[in-house]
Amino acid sequence: MRPYTQLVTLGMPDSHLSEIRDLHLFSDMENEHFQQLVRASYVQNFPPQIELITEGDPSDFLHILLSGSVDLFSSWNARETSMATVRPVSTFILAASVRDAPYLMSARTLEKSRIMLIPSQDLREVFGKDIQFAQAIVDELAQCYRGVIKNTKDLKLRTSLERLANHLLRQQARAGGGATFVLDSEKRRLASVLGMTSENLSRAFKGLRPYGVEVKGSQITITNQQDLEGFAKPNPLIDHR
């Protein structure tokens with residue numbers, strides 16, 4: 001993998017600075033503390049399929065995705081699974097930076113991505129002296145914890161067919177609610193996110209045909225919304241992400 005030192009460090013446009021300032025994590029903190037973090041940080045462009053961090057390594061930086069997308073994944077015993085997709089503008093793996101603990105996940109770019117890196121040491125220093133910033137960090141970590149609980153419930157309480165049905169309903173809503181939309185990740189990666197093999201995912205798509213799901217490549221068309229929702233039984237205590 002290409003190390004950071006071989007990539008070009010770039011300045012930060014005011015538009016990105018404004019987007020970062022508007023993030024819940026930074027919106028209410030003292031301006032001098034925000035400027036302290038900005039002065040310590042830097043921005044880089046990364047090509048696709050670059051490993052940004054490796055699980056088990058020290059958490060040297062908090063990463064903020066400004067453009068592109070990032071796959072959070074984990075590996076064990078020659079197996080790999082996708083944990084989540086990060087989209088702009090958002091931070092990722094905040095807990096490790098706050099606790100000065102090893103990363104529990106790896107991260108790689110899915111496409112050309114622009115990322116801001118804030119040294120974790122500076123993050124912890126400002127955390128200790130800015131109450132609003134500290135409260136925002138606690139709030140974001142609480143949201144992440146609730147997301148993990150919802151994802152665990154999805155995996156443990158639903159069949160693979162039900163998980164896929166609810167995933168399609170969530171993605172349909174994010175895409176604007178139309179009957180036809182395009183999957184936001186390749187099917188192999190989708191299978192990993194849903195805790196399936198590629199073969200099981202293919203069978204699950206076929207299993208949803210009677211409920212009005214048509215698949216053409218990466219394009220999904222829901223022809224019977226009521227039947228699909230009746231089968232999936234979406235639950236805000238699981239599906240509201």
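What follows is a working chat about salt bridges, helix packing and some backbone details in a predicted model.

Colleague: How many salt bridges does the structure hold?

Modeller: The predicted model holds 11 salt bridges. One of them joins arginine 108 to aspartate 71, with the closest N and O atoms 3.4 Å apart, and this pair links distant parts of the chain, since arginine 108 sits in strand β8 (residues 106-109) and aspartate 71 in strand β5 (residues 70-76), 37 residues apart.

Colleague: And are arginine 108 and aspartate 71 buried or exposed?

Modeller: Arginine 108 is buried, and aspartate 71 is buried as well.

Colleague: What about aspartate 100, which residue does it form a salt bridge with?

Modeller: Aspartate 100 forms a salt bridge with arginine 124, and the closest N and O atoms are 3.7 Å apart. Aspartate 100 lies in the loop between α3 (94-99) and β8, while arginine 124 belongs to helix α4 (residues 120-127), so the pair ties together parts that are 24 residues apart in sequence.

Colleague: Why does aspartate 100 count as exposed?

Modeller: Its relative accessibility is 52%, and exposed means over 50%. Arginine 124, at 25% relative accessibility, counts as partly exposed.

Colleague: Where's the backbone of aspartate 100 in phi?

Modeller: Aspartate 100 has a positive phi of about 55°, although it is not a glycine. Glutamine 49 is another residue other than glycine with a positive phi, near 60°, and glutamine 49 lies in the loop between β2 (42-46) and β3 (51-53), where its 46% relative accessibility makes it partly exposed.

Colleague: Switching to helices, how do α2 and α4 pack?

Modeller: Helix α2 (residues 31-40) packs with α4 at an angle of about 170°, their axes being 10 Å apart, and the two helices are therefore roughly antiparallel to each other. His33, Gln36, Leu37 and Ala40 in α2 meet Asp122, Leu123, Glu125 and Val126 in α4, and the residues of this contact divide into 4 nonpolar, 2 polar and 2 charged.

Colleague: And at what angle do α6 and α8 cross?

Modeller: The axes of helix α6 (residues 160-174) and helix α8 (residues 198-207) cross at roughly 70° and come within 9 Å, which makes α6 roughly perpendicular to α8. Here Leu161, Leu164 and Leu168 in α6 meet Leu201, Ala204, Phe205 and Gly207 in α8, and the contact residues divide into 6 nonpolar, 1 polar and no charged.

Colleague: Where does serine 192 lie, and what does its side chain reach?

Modeller: Serine 192 lies in helix α7 (residues 187-193) and is buried, with a relative accessible area of 16%. Its side chain reaches the backbone nitrogen of serine 82 at 2.6 Å, and, leaving aside neighbours within four places in sequence, serine 192 is in contact with Glu80, Thr81 and Ser82.

Colleague: Last one, is the peptide bond from proline 88 to valine 89 cis or trans?

Modeller: The peptide bond from proline 88 to valine 89 is cis, with omega near -15°, and valine 89 lies in the loop between β6 (79-86) and β7 (90-92).

Note on methods. Residues numbered from 1 in each chain as written. Predicted model: local features only at pLDDT ≥ 70, side-chain atom pairs only at ≥ 80, totals over all residues. Heavy atoms only, no water. Salt bridge = Lys/Arg side-chain N within 4 Å of Asp/Glu carboxyl O. Helix = DSSP H or I, 4+ residues; strand = E, 2+ residues; numbered from the N terminus. Buried < 20%, exposed > 50% of the residue type's maximum accessible area, 1.4 Å probe, protein only. Axes fitted to C-alpha atoms, helices over the stretch in contact; angles between N-to-C directions. Parallel < 35°, antiparallel > 145°, perpendicular 65-115°, else oblique. Contact = heavy atoms within 4.5 Å. Nonpolar A, V, L, I, M, F, W, Y, C, P; charged D, E, K, R; others polar. Polar contact = N/O pair within 3.5 Å; in protein donor to acceptor, adjacent residues only side chain to side chain.
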